[in-house]
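Morning, everyone. I'll keep this short. Please have a look at the model on the screen.

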Amino acid sequence: MLFWIAMVLVFVADRGAKWVAEATLAVGSRVVALAGALEWRLTYNRGMALGFLANQALAGLLLPALVVTLGALLLRRYRVTRYTRLAVGLVIGGFLGNMAD
């Protein structure tokens, strides 16, 4: 149950944060929240990390799915605790939030 709660909360938080950012920030603008330490900017990355595989829709779906599958297979080798379930739920929730983009 902890896995599902963590996954849904992270997914909802991810989608909500992206909705707020798109509703309140203009592309290229900058909002300083804490001078010298924290600022928000709205930018778009059309690929994976640092634009990797931009405009490669099939690879953009298959590679993350492969990584998640390999992670699940690796987890089978270890004792699953509530912390493991929480961690995996957080990661999968973030993965789904990114895939929804």
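Leu63, Leu66, Val67, Leu70 and Leu73 make a nonpolar surface patch of about 430 Å². Patch members have over 30% relative accessible area and no salt bridge, and nonpolar side chains (Val, Leu, Ile, Met, Phe, Trp, Tyr) are joined within 5 Å; like charges would be joined within 9 Å. A salt bridge puts a side-chain nitrogen of Lys or Arg within 4 Å of a carboxyl oxygen of Asp or Glu. Areas are Shrake-Rupley, 1.4 Å probe, and for residues only the protein chains shown count as cover.

A word on provenance. This is a predicted model: local features need pLDDT of at least 70, side-chain atom pairs need 80 or more, and totals for chains, interfaces and linings use all residues. Numbering runs from 1 along each chain as its sequence is written, and side-chain values use heavy atoms, without hydrogens or water.

Leucine 73 sits in helix H2, residues 57–75. Helices are DSSP runs of H or I, at least four residues; strands are E, at least two; numbering starts at the N terminus. Leucine 73 is partly exposed, at 45% relative accessible area. The classes: buried under 20%, exposed over 50%, partly exposed in between, with a 1.4 Å probe and protein chains only.

Now helix H1, residues 2–24, which holds aspartate 14. Is aspartate 14 buried or exposed? Buried, because its relative accessibility is 17%. Beyond neighbours within four places in sequence, aspartate 14 contacts Gly97 and Asn98. Contact means heavy atoms within 4.5 Å.

Overall, the order is α-β-β-α-α. Buried residues are 13% of the 101.
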